Amino acid sequence: MIKHIAILILSLSYLNAQVVATLAGNGLCDSISGSANNSSFCSPASIILDNSNNLYVADFGNSKIRKISSNGNVSNYAGTGVPGNLDGTCLNSQFNGPYGLVFDLSGNLYVSDLLENVIKKISPTCQVTTFAGSGIPGNINATGILASFYEPAGITIDLAGNLYIADSGNNLIRKISSNGVVTTFAGSGITGSADGMGIAASFNTPTSLAVDVTGNIFVSDLGNNKIRKITASGTVTTFAGNGTSGNVNGLGTSSSFNSPVGLVTDAIGNIYVADQGNNKIRKINSSTNVLNYAGSGSQGSLDGSLSTCMFNQLKAFAFNNTFSDFYISDAGNNKIRKINLSTGINSIPYFTFRDVHVFPNPCNSILNIVLNKEFENTSLAKFVIYNSYLQQVLQQESNDSDVFINIENLPKGIYILKINLDQKINTTKIIKN
């Protein structure tokens with residue numbers, strides 16, 4: 001049995017002069033494909049990357065899902081552009097205000113279609129189907145299309161493959177199991193700001209969600225100007241923000257936001273907030289200290305240093321797999337912006353903690369995990385590796401105390417290693433170089 005689990009502390013090597021640059025979009029509200037500089041979007045919402053560093057954009061105003069390839073070419077990925085609710089092949093399907101995006105463990109892309117009140121699923125072969133929601137605004141828990149939502153916005157996924165939806169019009173956080181069963185995870189449905197367990201809590205227009213590796217879900221509670229936290233067991237607390245509209249830095253609930261929208265977490269647990277009303281990106285570190293990260297606070301479309309750049313209606317964020325590039329959906333400017341963060345991930349030549357050894361770390365081929373001497377050969381351990389988007393990329397089982405996992409075919413980046421032994425689950429992070 002494992003008595004102790006290794007916790008790896010990662011550090012990123014940041015450039016001294018980080019700058020905000022425009023990645024794609026000419027600033028016009030339009031739907032032009034082609035080169036990044038000549039392309040156009042209309043009120044882009046959520047963004048997400050795949051394993052090949054292609055960026056997908058929920059192009060809200062165009063009722064499309066757009067794709068920015070790793071070489072900067074913009075194309076239409078799904079949706080005709082005519083607002084509607086039509087399943088079919090990618091380019092023959094219809095959306096109406098697509099908002100949230102998330103990939104599951106099998107490479108399916110889920111889309112919260114806010115104005116049609118449904119959750120769509122795009123398969124790796126580009127078939128669009130309705131995964132959940134009848135399309136009629138409501139609050140019905142059921143399976144698949146028998147359920148109902150009201151303006152579903154942000155969407156995220158946990159390591160077990162459950163989807164979570166910021167059901168903004170219902171003031172609820174909904175949960176969809178991998179087989180399509182919709183339940184209420186948190187919120188009474190009454191507009192409010194009460195902490196509590198599950199349905200005893202209340203929200204006011206929850207908009208975006210982010211989940212960490214331990215199963216905590218963070219919620220941008222837009223109407224309350226707060227960031228809320230929901231544990232895996234469903235306990236809701238206020239994580240940051242005092243509830244007043246403002247721009248005050250400080251610890252946790254001593255800080256203030258102005259209409260926080262998008263959320264994302266980085267490799268070491270920092271949370272970045274699209275503080276839309278302040279035209280700033282705020283950062284909450286692991287000590288719950290809220291800081292200004294980027295944006296002068298003035299509304300505009302100015303590239304440049306983190307302190308002088310300008311945004312207009314910040315909507316969402318995404319990191320690439322190595323956490324070296326930070327992407328920004330700037331809805332009011334109809335642009336996708338980018339910050340280059342890092343020259344690479346700092347080297348960690350060897351890592352060990354008490355009776356558990358994970359080495360070498362970073363690793364480019366064979367990862368060796370040595371469990372403690374009390375591990376019994378009759379116990380079967382499961383080792384699962386997830387990428388930074390919480391997609392499962394590798395799984396292996398062993399009843400040995402000395403385990404070798406070949407990660408040679410994984411792309412460079414930061415991964416989550418989950419060890420399941422004797423019904424106990426432990427996680428740590430590894431680096432593939």
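Two strands pair if DSSP finds at least two bridges between them. Helices (H or I, at least four residues) and strands (E, at least two) are DSSP runs numbered from the N terminus. This is a predicted model in which local features need pLDDT of at least 70, side-chain atom pairs count only at pLDDT 80 or more, and totals for chains, interfaces and linings use all residues. Residues are numbered from 1 along each chain as its sequence is written, and side-chain values use heavy atoms, with hydrogens and water left out.

Q: How many bridges join β34 to strand β37?
A: Strand β34 covers residues 381–386, and β37 covers residues 413–421. The two run antiparallel. Within this pairing, I385 stands opposite L417. The number of bridges joining β34 to β37 is 5.

Q: In β35, which residue is the bridge partner of V384?
A: Strand β35 spans residues 392–398 and runs antiparallel to β34. The two are joined by 6 bridges. The partner of V384 in β35 is Q395.

Q: Is F218 buried or exposed?
A: F218 is found in strand β18 (residues 217–221). Buried means under 20% relative accessible area, exposed over 50%, and partly exposed in between, with a 1.4 Å probe and protein chains only. The relative accessible area of F218 is 6%, so this residue is buried.
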